[in-house]
Amino acid sequence: MNIWKISLKNIKSKPLYTFLSVFILALSIALLLGIKQIEASFKYQMQNNLGNIDLVIGAKGSPLQLVLSSVLHMDNPTGNIVYEDAKKISKSPFVKSAIPISIGDNYKNYKIVGTTPEFATLYEAKINKGRSVEKSMEVVLGATVAKQLQLKIGDTFLSSHGLVENTIEVHSEELTVVGIYAQTNKVIDRLIITNLESIWEVHEHTEDEEEVENHLKEEHEHHEEHEEHEHDEEHEHDEHKQITSLLVSFRNPSAFLTLPRKINDATNMQAALPKYELDKLYQYTGVGFKTISWIGYLILVISSITIFISLYKMVKERAFDLALLRTYGASNLQLITMIAYEGFLIVVFAFFLAFLLLKTGLFFLFKVIETEYKQNMLHQLPMQDFIEIAVVVVVMIILSILLAIYPIIKLNISTILSNEK
């Protein structure tokens, strides 16, 4: 007696019940795995891009905005700070390293970051092709930038002012690609890296052009005032070059308690702890993750009930067939095994469909995120999470099967056969 073939025929005989059971179970599995995947990717991106950055110093404003703009590069900066003031803080005995960054331009929506060579060490980025920046107007591309924009060593381009691509405020100075970083799966993959001097020079020329136009109009009326104003501006510009923020690593844990408060209270700058701010952000988003997870578990319970009803209904409707099988020598264990096969076949089909739904849904979701933030945020789901969900699903199905086979245990062969006759 081939129990396996009988189970397959039973499933085929009720296509609507089978499809409903498979689809609802697949939906719950896909939802649970999907939310775990998104949560794991979100958490990984926050931790992975944090690197050794203990403190971010920038202009006054929202601490979270400062961290998102300077660490994850997913928001607009809060403003600029004076580079000389930032360098004074970097000389503190609490500071191990302080890396300045200047953000304000883009090329085709990819941010151009002016910084120092130490910036790449935060993300363990290595040059894959070409070399590092050695002089002004040279850039090194992140792996994603080079791939998406099809740029190679020696190519030149013009940057746009601001963090969104535009054709109105385009700088006249050409930037030359001299290197490309290897893939890191970190935020540097979607950045264009240059030195601070390049950013300052580009904006110096822009400001100078505007000043020249304004001064020429008023030169015949305010010649003496113009000379005095020009002298003051040149002196002020030399002494007050600006950056967006300073990325700081501490020498010891005691710095967490003293330096941020000192900066916030005694200067016109703001100090934000990226780990603290991102943990708060994760707590806010975690509520949404938990809510969707509970919805997924609720759908799983509903799907288990649906499978139970389907199996139980099948046992009750086929009571005569089951009793007849018993008369031909089938044991209770064989009949229970037949029901179990049907239940686990539904689970197998459901997992297969769930993976199709999951891969399709995540593909489109992360494609939207990649288009918006220029970064592939998808991270491999930890095997532990997958095993946990698989165990929960299997346990629920086993419970459904155990409840459904109760009529078989209480099966009265003589009564059923006599009533059928």
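**Figure 1. Buried residues of helix 3 in the predicted model.** In helix 3, the residues L66, V67, L68, S69, S70, V71 and L72 are buried, in what is a predicted model rather than an experimental structure. Helix 3 spans residues 63–72, and because 7 of its 10 residues are buried, this helix is largely enclosed by the rest of the structure. The residue that follows helix 3 is H73, which has a positive phi, near 55 degrees.

**Figure 2. A network of salt bridges that links R131, E134 and E138.** These residues, R131, E134 and E138, are joined to one another in a network of salt bridges, within a structure for which the count of salt bridges comes to 6. The side chain of R131 meets that of E134 at 3.6 Å, N to O, and R131 also forms a salt bridge with E138, where the closest N and O atoms are 2.8 Å apart.

**Figure 3. The salt bridge between D155 and K152.** The side chains of D155 and K152 meet in a salt bridge, with an N to O distance of 3.6 Å. D155 has a relative accessible area of 18% and is therefore buried, whereas K152, at 53% relative accessibility, counts as exposed.

**Figure 4. The aromatic pair of F250 and F256.** The structure holds 8 aromatic pairs, and in the pair shown the ring centres of F250 and F256 lie 4.8 Å apart with their planes at 85 degrees, so that the arrangement is edge-to-face. As to accessibility, F250 is buried, with a relative accessible area of 7%, whereas F256 is partly exposed, with a relative accessible area of 36%.

**Figure 5. An aromatic cluster, and a lysine over a ring.** One view shows F351, F355 and F386, which form one aromatic cluster. The other view shows K87, which lies over the face of Y83 at 5.0 Å from the ring centre.

Figure 6. T306 has its place in helix 9, which covers residues 274–317, and counts as buried, at 16% relative accessibility. A polar atom of the T306 side chain lies 2.8 Å from the backbone oxygen of I302. For the geometry of such a helix it may be recalled that an α-helix has 3.6 residues a turn, so residues three or four places apart point the same way.

Figure 7. The patch is formed by F344, M383, I387, V391, V394, V395, I398, L399 and L402, which together have about 760 Å² of accessible area. One of the patch residues is I398, whose place is in helix 12 and which is partly exposed, with a relative accessible area of 35%.

How values were computed:
Residues are numbered from 1 along each chain as its sequence is written. This is a predicted model: local features need pLDDT of at least 70, side-chain atom pairs count only at pLDDT 80 or more; totals for chains, interfaces and linings use all residues. Side-chain values use heavy atoms; hydrogens and water are left out. Patches are made of residues with over 30% relative accessible area and no salt bridge: like charges are joined within 9 Å, nonpolar side chains (Val, Leu, Ile, Met, Phe, Trp, Tyr) within 5 Å. Accessible areas come from the Shrake-Rupley method with a 1.4 Å probe; for residues, only the protein chains shown count as cover. A salt bridge is a side-chain nitrogen of Lys or Arg within 4 Å of a carboxyl oxygen of Asp or Glu. Helices (H or I, at least four residues) and strands (E, at least two) are DSSP runs, numbered from the N terminus. Buried means under 20% relative accessible area, exposed over 50%, partly exposed in between (1.4 Å probe, protein chains only). Rings of Phe, Tyr and Trp (its six-membered ring) pair if their centres lie within 6.5 Å; planes under 30 degrees apart count as stacked, over 60 as edge-to-face and the rest as tilted. A charge sits over a ring if NZ of Lys or CZ of Arg is within 6 Å of the ring centre and within 35 degrees of the ring normal. A polar contact is a pair of N or O atoms within 3.5 Å; within protein, one must be able to donate a hydrogen and the other to accept it, and residues adjacent in sequence count only if both atoms are side-chain atoms.
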